[in-house]
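Here is a short note to read beside the model.

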Amino acid sequence: VYPKDIENIADIVTYKPSETEIDSGYTTSKSIIADHDVTTGKKCTFGGSIKCHGDLIIVDNCTISGNLFAEGCITIGKNCKIRGSVFSQCGVTISEGSQVGVPGEYVSVIGKQAIVLKDNINIFGYLLTEGQGVVQC
């Protein structure tokens, strides 16, 4: 979306005022902003970022071109691809086969209270937690 194509915020953002479950296979070029928890279905594609004021669960085989932000915990399922940074006021769990960032572009994974990394993941950037970091292989 080019700036000249944007007439109002709804052109680039979808607002979800309540707890949200997104159907499997959902595809959008917009960012998602939610007041509560967000859970995606499998094989979703998001062209923007996702921000929620609760927990954020990205189920297996999803692709997010933007960033993930949550006031609660973030769980990234198996074989997901997140191009941007991941930030949680709680904790971040990244499951098997997932990737955060892309080669040549540094991103950050920040879980204020904890970060849990499962087997066979790739992170192109930095990790930070004020709490406990765990690698489970």
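With which residues is Ser 95 in contact, leaving aside its neighbours within four places in sequence?

1. The model is predicted: local features need pLDDT of at least 70, side-chain atom pairs count only at pLDDT 80 or more, and totals for chains, interfaces and linings use all residues. Residues are numbered from 1 along each chain as its sequence is written, and side-chain values use heavy atoms, with hydrogens and water left out.

2. Beyond those neighbours, Ser 95 is in contact with Ile 76, Gly 77, Lys 78, Lys 118 and Ile 121 (contact means heavy atoms within 4.5 Å). Ser 95 lies in the loop between S14 and strand S15 (99-100); strands are DSSP runs of E, at least two residues, numbered from the N terminus. Ser 95 is buried, at a relative accessible area of 11% (buried means under 20%, with a 1.4 Å probe and protein chains only).

3. An open, parallel sheet is formed by seven strands, ordered S2-S5-S8-S11-S14-S17-S20. Strands S2 (20-21) and S20 (132-135) are at the edges with a single partner strand each, so one side of each lacks a neighbour in the sheet. Two strands pair if DSSP finds at least two bridges between them.

4. S14 (residues 91-94) pairs with S17 (residues 114-117) over four bridges in the parallel sense. Val 92 is opposite Ile 115 in S17.

5. The largest nonpolar core has 27 residues, and Ile 76 is among those with the most contacts inside it. Such a core is a set of buried Ala, Val, Leu, Ile, Met, Phe, Trp, Tyr and Cys residues joined through side-chain atoms within 4.5 Å.

Notes
Buried means under 20% relative accessible area, exposed over 50%, partly exposed in between (1.4 Å probe, protein chains only).
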